[in-house]
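Welcome! Here is a short briefing to read alongside the sequence and the model.

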Amino acid sequence: MTPILDIKNLCKSYGPVEILKDINVSIVPGDFLVLVGPSGCGKSTLLNCIAGLEPISGGDLFIGGRNMTNVSPKDRDIAMVFQSYALYPTMSVAKNITFGMKVRGVDQATQKAKLAEVSKQLQIEPLLNRRPGQLSGGQRQRVAMGRALVRDPKLFLFDEPLSNLDAKLRVEMRTEIKRLHHDLGASMVYVTHDQIEAMTLASKIVVMKGGVIQQIGTPAEIYNRPQNLFVADFMGSPAMNLIPAKAQKNGNGTKIKIDREAGGPLVLTDTNNPDLPEDVILGLRPEDIAEAGYRTGEHVQTANCLVDIVEPAGADTFVVSQLGGKEVTARLHAETKATPGQPLEFAFDLGKVSYFEPESGQRVS
Amino acid sequence: MTDYAAPSAYASRQRSRTGQIALRWLLYALLCLFALYYLMPLFVMVTTSLKSLEEIRTGSLVSLPRKVTFDAWATAWSGACTGIQCEGLRPYFLNSMMLAIPAVALSTLFGALNGYVIAQWRFKGANLIFSLMLFGCFIPFQVVLLPMARVLGMMGLAGTIPGLIFVHVIYGLGFTTLFFRNYYVSIPNELVKAAKVDGAGFFRIFWSIFLPLSLPIIVVTVIWQFTQIWNDFLFGVSFSQAGTQPVTVALNNIVNSTTGVKEYNVDMAAAIIAALPTLLVYIVAGKYFIRGLTAGSVKG
């Protein structure tokens with residue numbers, strides 16, 4: 001299948017400042033690509049480059065197989081939803097939605113039909129004669145989506161569209177965007193700094209930092225096999241536990257030694273990863289540390305640790321203890337008997353473990 | 001303890017209440033006094049213009065007219081002498097109209113375009129250009145008189161109304177650009193981006209999105225420019241000739257070139273006539289000083 005969006009060696013700099021360095025991404029029709037990263041990582045700039053709102057300093061950009069590197073935004077067959085919605089303040093909702101068609105010279109009848117179709121789809125029919133100033137945040141968001149939908153573009157671009165909504169509405173709109181993507185089968189590129197949004201929406205995630213792509217993959221790949229410490233730490237909430245440890249080859253397994261507050265070092269035996277460097281950082285997500293007896297499997301190993309803090313969160317209880325000089329969070333079941341200051345037997349699921357090189361931060365296996 | 005404290009606190013609250021009311025009345029009295037002081041000249045002008053010369057000579061300056069007559073107004077409008085001609089203010093008033101209306105319209109339009117470019121279409125050196133235009137606001141007009149006379153001469157516009165329009169448009173641009181730039185800079189750039197994606201070009205975005213948003217700042221600019229241009233005397237007297245003089249110059253000539261008895265009533269009426277249009281602009285346009293037209297268009 002020809003990729004709907006293909007970015008090759010894209011670079012972007014403002015004078016001497018390099019914002020984006022050698023970006024290579026490609027998605028097939030129907031993909032939902034999420035660009036995620038902390039603020040200032042260049043994700044919005046990349047989206048603006050895709051839209052043609054920012055010229056690029058190097059590389060090529062193809063949309064639907066056509067080289068769009070030097071094509072103006074209006075001819076790229078894209079639609080964009082902005083963070084501030086960017087609705088035209090003096091126009092009614094209907095005019096906002098049809099403005100693009102009017103500019104492109106689409107005839108009145110088609111405009112009307114399209115408007116009716118989209119406003120029905122988004123349930124904004126009662127709002128058509130209102131001004132943006134008379135709408136609530138969620139309604140404005142819908143109108144902004146409507147403006148993008150009428151275009152029926154090859155590619156939808158979203159620039160943090162949910163970040164101005166309150167928490168409850170954000171979850172609702174997230175589901176709605178997901179449903180829209182499913183119903184339309186459209187290709188979308190979505191920028192967010194919220195890793196939960198990224199995980200829930202994406203079919204493909206690009207994690208960025210400092211203008212460099214850290215990892216590209218499906219949400220499962222990103223979550224389960226982060227390529228470096230940055231991705232491991234950034235994706236997931238609470239974040240992945242990253243524990244300094246010593247590895248030692250021992251027969252056909254590897255002994256993993258972790259410092260512990262009391263009772264000498266904690267020793268686990270990993271039979272999966274035979275070739276580890278001596279110094280490693282062991283990455284284990286909170287849900288892969290359970291109370292002993294609640295997790296079984298080939299790679300589960302138990303050990304005693306001192307409990308520091310217990311944080312009940314309703315569905316789960318988070319238990320923090322000190323391992324390798326770091327705070328380690330475990331996601332336990334809600335009825336756990338863990339008490340602060342008391343030791344508890346934890347089950348570590350080494351089947352889900354990631355190892356990183358402490359110096360480079362890269363994944364070793 | 002509390003039993004005693006409560007009534008005394010009540011009393012002191014009562015006292016401070018009376019104090020506040022007294023203070024409020026004092027404030028009003030003072031404001032009325034100021035208002036009176038400011039309105040006094042206008043009062044004298046209006047009453048004097050409604051008196052006959054006879055009555056001015058015999059009556060007091062601040063007394064009301066015994067017999068109201070509009071003769072002075074008629075003379076000021078169509079009979080007063082400015083030097084050798086005695087046509088009143090009328091032709092010069094029309095000159096001022098033909099001068100001020102296009103000059104205000106053009107300088108406002110260009111200011112809006114400049115502000116739109118500087119605020120929303122950032123380019124290299126935009127800030128420098130803006131600073132230079134700002135600098136233009138502070139150039140004393142006396143400095144430019146001679147060079148401008150030369151330029152107008154070369155353009156063949158010396159002594160004509162289009163020449164005066166040109167001068168006012170050029171020297172108004174600094175302020176109008178400043179007004180519009182500061183207004184547009186608060187409008188999020190995402191609006192331009194959205195319109196670009198929608199396919200609109202430079203002028204389309206200006207015309208369909210930015211101009212309709214600009215009513216409040218257009219009103220401010222029009223009031224400012226109209227007041228400046230209508231009341232201008234220096235350019236008017238320097239770059240006009242007989243027949244193209246604006247009303248301010250004619251007013252000066254009426255007041256200064258009379259011989260014999262000074263017709264105060266005509267002078268006053270002429271001064272009021274010359275000032276009326278600016279007053280009218282304030283009254284009509286002031287209503288549209290609406291703020292926050294963009295409020296709520298962006299961000300939730």
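Chain B of this predicted model has a mean pLDDT of 86, and 91% of its residues reach 70 or more; pLDDT is the predictor's confidence in each residue, from 0 to 100. Residues are numbered from 1 along each chain as its sequence is written, with chains lettered from A and ligands numbered from 1 in the order in which they are written.

**Confidence along chain B**
- Among the elements of chain B, helix α4 (residues 90–120) has the highest confidence, at 95, and helix α1 (residues 2–49) the lowest, at a mean of 83; helices are DSSP runs (H or I, at least four residues), numbered from the N terminus.
- Over residues 290–300 of chain B, pLDDT stays under 50, and the model has 24 contacts there beyond four places in sequence (contact means heavy atoms within 4.5 Å).
- Where pLDDT is low, the predicted coordinates should not be read in detail.

**Where chain B meets chain A**
- The contact takes 30 residues from chain A and 21 residues from chain B.
- The two chains bury about 2300 Å² between them, 62% of it on carbon and sulfur atoms; this is the accessible area (1.4 Å probe) that two parts lose on being put together, summed over both.
- B:Glu190, B:Val197 and B:Asp198 supply 30% of the area that chain B buries against chain A, more than any other three residues.
- Between the chains there are 0 salt bridges (a side-chain nitrogen of Lys or Arg within 4 Å of a carboxyl oxygen of Asp or Glu).
- On the chain B side, α8 and α9 each supply at least two residues, and α8(B) gives the largest share, 7 residues.

**A closer look at α8(B)**
- Helix α8 (residues 190–197) of chain B is largely enclosed by the rest of the structure, because 7 of its 8 residues are buried (under 20% relative accessible area, 1.4 Å probe, protein chains only).
- Those buried residues include B:Leu191, B:Val192 and B:Ala194.
- After α8(B) comes B:Gly199, whose phi is positive, near 105°.

**The nonpolar core**
- In the largest nonpolar core, of 57 residues, A:Val189 and B:Tyr184 have the most contacts; such a core is a set of buried Ala, Val, Leu, Ile, Met, Phe, Trp, Tyr and Cys residues joined through side-chain atoms within 4.5 Å.
- Helix α9 (residues 202–213) of chain B gives the most to this core, with 6 residues.

Conventions:
Predicted model: local features only at pLDDT ≥ 70, side-chain atom pairs only at ≥ 80, totals over all residues. Heavy atoms only, no water. Buried < 20%, exposed > 50% of the residue type's maximum accessible area, 1.4 Å probe, protein only.
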